[in-house]
Amino acid sequence: MHRLSGLVLLLWFLAAPATYAQQPTDKPLQVRPLTGKKAPQLRLRPDATPSFPNINRVAYYQDKKALKEIQRAEKRKNWTQARKLLEAYVHQFGIQNFTKDTPMLWRLAQLCERTGDEARAKAYYRLALKHHRQDITKIQLYYDSLEQKTQDLYVPLKTYYDIVEYRKNIVTFHPPKGVYTSMGDGINSEVEDYGPTLNSEAGLFIFSSKRKTRGITTPVVDEDLYTSRKEGDYWTDAEPLPKPINSPYNEGSACITKDGRTIYFARCECPNCHGNCDLFQSTFQDGQWSVPKSLGPM
C-alpha cells in the first residue's frame, strides 16, 4: 500500500501543529455522548465516506473527556484504540467541526492508513482537503527544496492527488494559475466592465459596462449592455446593444436563452419600474429586438 500521507502530512503540521483540545473562537455548544450505551456504528457511503448525523442538529461538538482518552491512546501508541476512539468522536461532528477541527479528520485518515483501511483513509483525506483553509503553495516549495534521496521518502504530489481524488472534491472559485486571460481592448474599457453572459451556441457574449455617460454639465454614468460575437477564434469589438434594449436608463446583468432569441436583463430608475431596478424581457424577431416588457409585479 502506498504511503498516502507522505508529503502532504506537512499541510497541517508545518503551518500550525494541531491539538485535539483545539478551541473555537466562539463559545462552543457542549454536547456529551450518552453514557452506558454502545456508540452507533458508522454508516458508510460507497466511497467509504461516513455519514454525520449531528450535522443538522449540533453547531459544534466537543467532549474534553473523550479527547483526553484519545490522547492517552496516542501516547501509548495503541493505534487501533486511538483510531476507534477518534472515529467515534469525529462521527459526532457538527457543521462547525469540519473547519475548526479539520486536523482531526487528517489524523483519523492517518490512523486508518496505519491500521490497514486504505478506503477509509482516502475518504477522510478527501474530507480534510475539502475543508482545509491553508495555502498549499508552501508545501510545494518545501518539496522542491528537498534532495532527491529525501524526496524518495515522500509520495510525489501528483500521485498523492490522484490517490485522494483531490481535484474532484475541492470546490473553489479560484482557477489555476495562468487561466486568467484579458479579453483585450476590443472588449474591455478603462471603466467597469462586468456581469458577462455567454451563449456558446449563438456565439454571443453580452456584458454590462459603465463606459458611457449622459449629460453635459453634470455627466452621469449610463450603464448599458454591450455585445460581441464569435468569429473563428476571436471575438469582435464590443458594441452597445441597440434600442430599445439600451435606453436613457441603466441596463445590466443580462442573461440569454439557449437559442439566443430571448434576453432577460435589469433596468433601473425607469418611470415604469416597480422598484429601483426591475427585470425585463425582449425577444429577437425579424432581425431586431422587441420593445422590452417588464416581468411585472409578480
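**View 1. Lys-212 and its salt-bridge partner.** With 39% relative accessibility, Lys-212 counts as partly exposed. Partly exposed lies between two cut-offs: buried means under 20% relative accessible area and exposed means over 50%, found with a 1.4 Å probe and protein chains only. The side chain of Lys-212 meets that of Asp-222 in a salt bridge, 3.8 Å from N to O. A salt bridge here is a side-chain nitrogen of Lys or Arg within 4 Å of a carboxyl oxygen of Asp or Glu. The two residues link distant parts of the chain: Asp-222 sits in strand S3 (residues 220–231) and Lys-212 in strand S2, ten residues apart. Asp-222 is buried, at a relative accessible area of 2%. Helices (H or I, at least four residues) and strands (E, at least two) are DSSP runs, numbered from the N terminus.

The model is predicted: local features need pLDDT of at least 70, side-chain atom pairs count only at pLDDT 80 or more, and totals for chains, interfaces and linings use all residues. Residues are numbered from 1 along each chain as its sequence is written, and side-chain values use heavy atoms, with hydrogens and water left out.

**View 2. Arg-83 in a network of salt bridges.** The structure holds ten salt bridges. Four residues are linked in a network of them: Arg-83, Glu-87, Asp-117 and Arg-120. Arg-83 bridges to Glu-87, with the closest N and O atoms 3.5 Å apart. These two are four residues apart in helix H3, so about one helical turn separates them. Both Arg-83 and Glu-87 are buried. For Arg-83, the relative accessible area is 14%. Arg-83 also meets the side chain of Asp-117 in a salt bridge, at 3.0 Å from N to O. Asp-117 lies in the loop between helix H5 (102–114) and helix H6 (118–131), and Arg-83 lies in helix H3, so this pair ties together parts that are 34 residues apart in sequence. Asp-117 is partly exposed, at 21% relative accessibility.

View 3. Strand S1 (residues 193–199) and strand S2 (residues 204–214) run antiparallel, joined by five bridges. Two strands pair if DSSP finds at least two bridges between them. Leu-198 has Phe-205 in S2 as its bridge partner. Four residues lie between the strands of this hairpin. In the turn, Gly-203 has a positive phi of about 60 degrees.

View 4. Lys-64, Lys-65, Lys-68, Arg-72, Lys-75 and Arg-76 form a patch of positive charge on the surface. Patches are made of residues with over 30% relative accessible area and no salt bridge; like charges are joined within 9 Å, and nonpolar side chains (Val, Leu, Ile, Met, Phe, Trp, Tyr) within 5 Å. Lys-75 belongs to helix H2. Its relative accessibility is 74%, so Lys-75 counts as exposed. Lys-77 is in the loop between helix H2 (64–75) and helix H3 (79–90). Lys-77 is not a glycine, yet its phi is positive, about 60 degrees. Lys-77 is exposed, with a relative accessible area of 60%.

View 5. Ser-253 is found in strand S6. Its phi is near 55 degrees, a positive value in a residue other than glycine. At 53% relative accessibility, Ser-253 is exposed. Pro-244 is in the loop between strand S5 (239–240) and strand S6 (250–256). The peptide bond from Lys-243 to Pro-244 is cis, with omega near 10 degrees.

Definitions and conventions
Areas by Shrake-Rupley, 256 points an atom, 1.4 Å probe, with all protein chains shown as cover. Lys, Arg positive; Asp, Glu negative; His and termini not counted. Charge placed at Lys NZ, Arg CZ, Asp CG, Glu CD.
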